[in-house]
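Q: I'm new to this one. Can you walk me through it?

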Amino acid sequence: MTKQPRHRPSRRFADAKRLIIPCDRETCLHCGQPLLHRKTWYVKKYVQTLQGPVFVAGKSNRCINPACPHSGATYYASGVLAISLPHSTYGLDVLAFIGWRHEHEHCQLVEIQRELQQRGLLINERTVGKLYRQFLALLGTLTTPHEQRLETAVQQHGGLIWAIDALQPEGSDPPLYVLYEVLSNTPISALQENNPTAERLQAWLQPYTHLPFAVLATLSDGEKAVEEALKASWSPAPHQRCQLHFLNALAKPAMEVDAHLRQYLRDELGALAAVPQDHRPTSPTPTDDAPVPPLGL
């Protein structure tokens, strides 16, 4: 009888899209000096999403200014949390899909498992239940381990940076708004709702505005309601657009032009004759008229 491994081996997807997430900060939060780009990835994993598997790696930067009171502080790529939870190999869109199907369409976990498998995900019923519990935890209140991580971030950096990211797993499903703390890389809460107003988002954020922690800044994409809710909830803190969303918005027109160019090249060059497999020039064979060189020359 073949002995089975105690733990499931790591899954690898050869054709997975690669997402290398840069760190959000280029300068130290305390001394303002440029940060050192660390060559190693602090996290790397394959994540199964509704759009297919992706390879996700997060970069980090570190302060190396010896005069800085927080010299050695490390800043991480918070954009990783917009894809999946820490130590999870399933995307946030999968969590939102499971939560919506179970809560609003009253599907059993085994039904959701079959539907996910039909979409190409490798998942069993037990994992579906685990992800559903994670979904409920995101919708719940702040836990003690989360508070401890926030306290550690405040001790290291002097305050917190709140960020909100919205994820829509299906075209017709309500998006999942996730609140997370950037410096400690900690997801805090989530809200799944269609077109929430700034007032509704502010009411969701209200319990976290009473935490006894200083807030250094807030971060979000360009959704107007989200910006207004963050500015109203933590009005003294400066607000900034997420660099990852900003760069993606800049790259989108170029990617569309590139796609049209690639299609044009395929249409124009597709009718050309294929290059022969062996097109190397051959040496002429000696004839009776051509002198044969002596051996050794």
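Q: Which cysteine sulfur is closest to the sulfur of Cys31, and how far away is it?
A: The closest one belongs to Cys28, at 3.7 Å, which is too far for a bond. A disulfide needs a pair of cysteine sulfur atoms within 2.5 Å.

Q: How many disulfides does the structure hold?
A: It holds 0 disulfides.

Q: What am I looking at, by the way?
A: This is a predicted model, where local features need pLDDT of at least 70, side-chain atom pairs count only at pLDDT 80 or more, and totals for chains, interfaces and linings use all residues. Residues are numbered from 1 along each chain as its sequence is written, and side-chain values use heavy atoms, with hydrogens and water left out.

Q: Back to the cysteines. Is Cys107 buried or exposed?
A: Cys107 is buried, at 18% relative accessible area. Cys31 is partly exposed, at 25%. Buried means under 20%, exposed over 50%, and partly exposed in between, using a 1.4 Å probe and protein chains only.

Q: New topic. What is the strand order in the open sheet of 3 strands?
A: The order is E2-E5-E6, with antiparallel pairing. Strands (E, at least two residues) and helices (H or I, at least four) are DSSP runs, numbered from the N terminus. Two strands pair if DSSP finds at least two bridges between them.

Q: Which strands stand at the edges?
A: Strand E2 (36-37) and strand E6 (74-76) do. Each has a single partner strand, so one side of each is left without a neighbour in the sheet.

Q: How many bridges join E5 to E6?
A: 3 bridges join them, with E5 covering residues 60-62. In one of these strands, E6, Tyr76 is the bridge partner of Ser60.

Q: Now helix H1. How many of its residues are buried?
A: 10 of its 12 residues are buried, so H1 is mostly covered. Among them are Leu92, Phe97 and Trp100.

Q: What do those buried residues pack against?
A: Their partners include helix H2 (109-118), helix H3 (125-139) and strand E3 (43-49). Contact means heavy atoms within 4.5 Å.

Q: And H6, which residues are buried there?
A: In helix H6 (residues 224-233) they are Ala225, Val226, Glu227, Ala229, Leu230 and Ser233. Their cover includes helix H5 (198-205) and strand E10 (215-220).

Q: Last one. Which residues do ring pairs link into a cluster?
A: Phe13, Trp41, Tyr46 and Phe55. Rings of Phe, Tyr and Trp (its six-membered ring) pair if their centres lie within 6.5 Å.

Definitions and conventions: Rings of Phe, Tyr and Trp (its six-membered ring) pair if their centres lie within 6.5 Å; planes under 30 degrees apart count as stacked, over 60 as edge-to-face and the rest as tilted.
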